[in-house]
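Hi,

Here is the structure I said I would pass on.

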Amino acid sequence: ATNSDILLHSVGTVTQAAALTANRLNLSGTGTFTLQHASNNVGILAGGTSSVRLGNLAFRDAVALEIGTVTNTGIFSSGTVLVETEAGNLTLAQSINTSSTSTSAIMLNASRPLAAGNGTGGNILVSGSPTLTYGSGGMAKLFSGYDAASTGLTALAGGSANTRAPFDENSTVTPTLSANNTYAIYRVLAG
């Protein structure tokens, strides 16, 4: 990332043709943001507020990424929230709040290209005490490498009853996931 910030505001649909590179990216407005260029390189991502929520958000970063504070703090959305890294850790330092009732209301994925059984690469790291909030019937799915390297993730998901392994985002996860829950889903059983 470069020594700069990008502040992006929209009430419409935002897509991209070229990679975004910045220390920090702040999204605002009620627009839908589809920013999934595999070469995006942003250090910290934030977007929306409790009074002006983003629409759907899909963001992919090439390397490590933090959901933190830029101008806004954390992510507020009225739609689904998908945040992924291609390689590197995904740090959850601030809360994500969406009113989405989808079973994919919140999806975080560290080292997205890696398949189930591959414990190398990135993990989701919880820093501080962020929360995940979704609408009634919604669900949060948090895809990470393995438990021991995913600081605070099992606790954020509500304990071992809400962990699954070895699965990735393309797997049929068993036991079946239930609505109104947060799940830590690991690529490997143990590190």
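**What turned up**

A22 counts as buried, because its relative accessibility is 0%. Keep in mind that this is a predicted model. A22 is part of strand β3, which covers residues 21-28. I also checked A22 against R60: the two are 38 residues apart in sequence, and their C-alpha atoms are 14 Å apart in space.

On to the sheet. Eight strands form an open sheet with parallel pairing, and the order is β2-β4-β6-β9-β12-β15-β17-β16. At the edges are β2 (13-14) and β16 (163-164), each of which pairs on one side only. Inside that order, β6 (residues 57-61) and β9 (residues 81-85) run parallel and are joined by five bridges. If you want a spot to look at there, find F59, which stands opposite V83 in β9.

Then there is S144, which sits in strand β15 (residues 139-144). Is S144 buried or exposed? It counts as buried, because its relative accessibility is 0%, and the cut-off for buried is under 20%. What does the side chain of S144 reach? It gets to the backbone nitrogen of I124, at 2.8 Å. Leaving out residues up to four places away in sequence, S144 touches G122, N123 and I124, along with S150, L153, I185, Y186 and R187.

Cheers

Terms used:
Residues are numbered from 1 along each chain as its sequence is written. This is a predicted model: local features need pLDDT of at least 70, side-chain atom pairs count only at pLDDT 80 or more; totals for chains, interfaces and linings use all residues. Side-chain values use heavy atoms; hydrogens and water are left out. Helices (H or I, at least four residues) and strands (E, at least two) are DSSP runs, numbered from the N terminus. Buried means under 20% relative accessible area, exposed over 50%, partly exposed in between (1.4 Å probe, protein chains only). Two strands pair if DSSP finds at least two bridges between them. A polar contact is a pair of N or O atoms within 3.5 Å; within protein, one must be able to donate a hydrogen and the other to accept it, and residues adjacent in sequence count only if both atoms are side-chain atoms. Contact means heavy atoms within 4.5 Å.
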